[in-house]
Amino acid sequence: MSGTDHHDRPALLEAQALAFARNDEPIFGPLDFALHAGEVVLIEGDNGAGKSTLLRVLSGLLAPSSGEIRLHGEPLTLARLSPQVALLSHQGGLKPELTALENLRFAAGLHGQRAGMSAGTALAGVGLEGYADVPTRQLSAGQKKRVVLARVLLAPVGLWLLDEPYANLDLDGIKLVNRLLERHANGGGAALITSHGAYAYTSGTPRRIPLQAHSASRTADTGAIDGAAAR
Amino acid sequence: MKPGSLPAACAALMRRDLTLVWRRRGDALNPILFALIVVALFPLGVGPEPEQLRRMSAGVIFVAILLAGLLALDTLFRSDYEDGSLEQLVLSRHPLSLLLGCRIAVHWLTTALPLIIVAPLLGELLHLADAVRWVMVCALLLSTPLLSLLGAVCVALTVGMHRSGMLLALLVLPLYVPVLIFGAGACNAAQMGLPYAAPLLWLGAALVMALVVAPLACAAALRISLS
Amino acid sequence: MNALTLWFHKTGSPPTFYRIAGALAPWCFGLGLLLGLAALYGGLLLAPRDYQQGDAYRIIFIHVPCAWMSLFAYFFMAANAFIALVWRIKLSEILAMASAPIGAAFTFITLVTGSLWGKPMWGTWWTWDARLTSELVLLFIYLGILGLYNAIEDRRQAARAAAFLALVGVVNLPIVHFSVNWWNTLHQGQTVRLMGPSKMDGAMLWPLLLMALATHLWFFGSLLARTRVGLLELDGGKEWVRSIALAEGARGNG
């Protein structure tokens, strides 16, 4: 069940007046939104709107230019964040020379693994049981994406930040992502996903946060893009 | 070891790096080949007289190994940066400096240690005096980790830049100068019959400090580069 | 906020600093030039010949102050780099990056004048004596910082990376000097010594010190001018830059 009955609980992740600029060019913001346990929120926007940058800021890799991020009500530091967040980035983080299983075993060693799950079961969970010993460079783009999803699945974290999780996947893959998201949300986790609109999370009506690409012209007061936290 | 704990993370990282080197073990020979080529060119350039070569031998071998190490430095973070694994290291809950220290250690083990093993052979090519050979190996054992640690800080600053080779060389040169002076200086002192303990001790002291400080500096530099 | 912090905030604000720098820079340049000419007159014409080197030593009046400036510029840059990294103050970033090319130029002049001095002194254009070698490594450090700064697209990230490198260099400088000294004694036995100012004749001393003052003034004049440019570049989209540009445009047309 996703939807509107989670707002009585304290917010898992909160962003207040969050903005990021590079070389004084605004990339996104100021944004205000809150994410609660059990929610899947979709960040929409065209290419170049700053969706990936927003996820990187929320994961702690980049420092915001202004504004604040709060985790469980406390201000965020990278040290507090890292045990609680898994980031699925555009590049994936897989070594091409290692097999799918070796990549997952490394991730498990580095980040730990979810209770009751192993690298093998995570791989099975994304439909790649027979591919454990295949070097990642021999996998197709869709299969590589599934391995990365397995890595996220394996991580013992409550908050998923997924950048374009549907990219490169076929119809079965898309259904897989939705299944994983639904199970994660029902188990008390939360996820923030980006998509440029092609395929969206279909379970219930997810909250959407639109990001608008900033124009190239510099005006004194660039119009503030408010993340319309749809209620 | 509990998965996700610090020892498990370091072990997983080192195991991964050793596996990666093993999968591309042909490439691991490149630094040795390069050092061999540099050393082989010197007699062709300055003449084969044994006396002249003997006087230069320790210094030339040091420079050759230094240059080979410089070439190998590029592989330290590049592939991790390009496929996104470096981000995963930064995002992990463990101190980045410790993880980078493990990375640098495996890198030294797989690029510099083979060079040190080959060094006496290179010495034979240049008629290196017997008395100096073990001083040279000692000096290399102390200097090459220093070169790896100092080089790693500079690589962290230029990570992700295309064609950063010349810039990297420019950045590491001022850091390498003292290491080269003391390392090759110890060998030259031994060759001249002068006491050689002092420069080796300086190298040792510098190595101990670098072991503590360089991974921290490397992590700070990486955070700046990735921001 | 007490008065001192308030004053810092005010002067550190880009438009205020731009104005102050614009007013001060011409004075620094002018005074520096004047004192420099006076120093050259004193050094080249008034000071007596050296009993050992004849007139060849006179290049010391340029060589030594430039050597001092090459080090002063570095420590000034490192101090600002530290402030920029710890407190993320934009002005410190610009000051640090503006001092780098000036310091590099002084280092280059030191090397060239040292080389010109070497010819009559030691009969060779270049010599690997301890100080020249250290100065050469210092030039490489400067070039590395400038190279890194120019290689990164994002100006503020570039300044932070270059500032970090500058701090690494500041730790490295004494180590390099120490090691090069040791290396020199190992291979040459006796280092060639430059005359220390304390042993100099009074008539030789005052032009040297005057030239040192002149180079300091020149450094600050150049620094202020470069910082103004840096501020304009970094704050390009802001209101205060636009009003200055409009004012300049109006003045040009009017």
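**Three chains in a predicted model**

Q: Where does Asn168(A) lie, and what is its phi near?
A: Helices (H or I, at least four residues) and strands (E, at least two) are DSSP runs, numbered from the N terminus. Asn168(A) lies in the loop between strand S7 (159–162) and helix H6 (171–186) of chain A. Most residues other than glycine have a negative phi. Asn168(A) has a positive one, near 75 degrees.

Q: Which residue of chain C has a positive phi near 55 degrees, and is it buried or exposed?
A: Arg88(C) has this positive phi; its place is in the loop between helix H3 (60–87) and helix H4 (90–122) of chain C. With 12 other C-beta atoms within 10 Å, Arg88(C) is exposed.

Q: In what order do the five strands of the open parallel sheet of chain A stand?
A: Two strands pair if DSSP finds at least two bridges between them. S3 (residues 40–44) and S8 (residues 190–195) of chain A run parallel and are joined by five bridges, with Leu42(A) opposite Ile193(A). Four bridges, again parallel, join S3(A) to S9 (residues 207–210) of chain A, and there Glu44(A) stands opposite Pro210(A). The order of the open sheet is S6-S7-S8-S3-S9.

Q: Which strands stand at the edges, each with a single partner strand?
A: One side of each edge strand is left without a neighbour in the sheet, because each has a single partner. From one strand to the next the twist averages 15 degrees. The edge strands are S6 (85–88) and S9 of chain A.

Q: Which helix packs on the sheet, and about what angle does its direction make with that of S8(A)?
A: S7(A) and S8(A) pair in the parallel sense over four bridges, and the partner of Leu159(A) in S8(A) is Ala190(A). Axes are lines fitted to C-alpha atoms, for helices over the stretch in contact, and angles run from 0 to 180 degrees between N-to-C directions. Two residues are in contact if their C-beta atoms, placed from the backbone, lie within 7 Å. The helix that touches S3, S6, S7 and S8 of chain A is H1 (residues 51–59) of chain A, and the angle is about 155 degrees.

Q: What is the mean pLDDT of chain A?
A: pLDDT is the predictor's confidence in each residue, from 0 to 100. The value stays under 50 over residues 1–6 of chain A, as well as over residues 216–231 of that chain. In chain A, 81% of residues reach 70 or more, and the mean is 80.

Q: What is the radius of gyration of chain B?
A: Chain B has nine helices and zero strands. The radius of gyration is taken over C-alpha atoms, and the globule rule is 2.2 Å times the number of residues to the power 0.38. For 227 residues the rule gives 17 Å, and chain B is as compact as a globular protein of that length because its radius of gyration is close to this, at 18 Å.

Q: How many residues does H1(B) give to the side of chain B that touches chain A?
A: The contact takes 23 residues from chain B and 24 residues from chain A. Helix H1 (6–23) and helix H5 (85–91) of chain B each supply at least two residues of the chain B side. H1(B) gives the most, and its number of residues is nine.

How values were computed:
Residues numbered from 1 in each chain as written. Chains lettered and ligands numbered in written order. Predicted model: local features only at pLDDT ≥ 70, side-chain atom pairs only at ≥ 80, totals over all residues. Buried ≥ 20, exposed ≤ 12 C-beta atoms within 10 Å, placed from the backbone.
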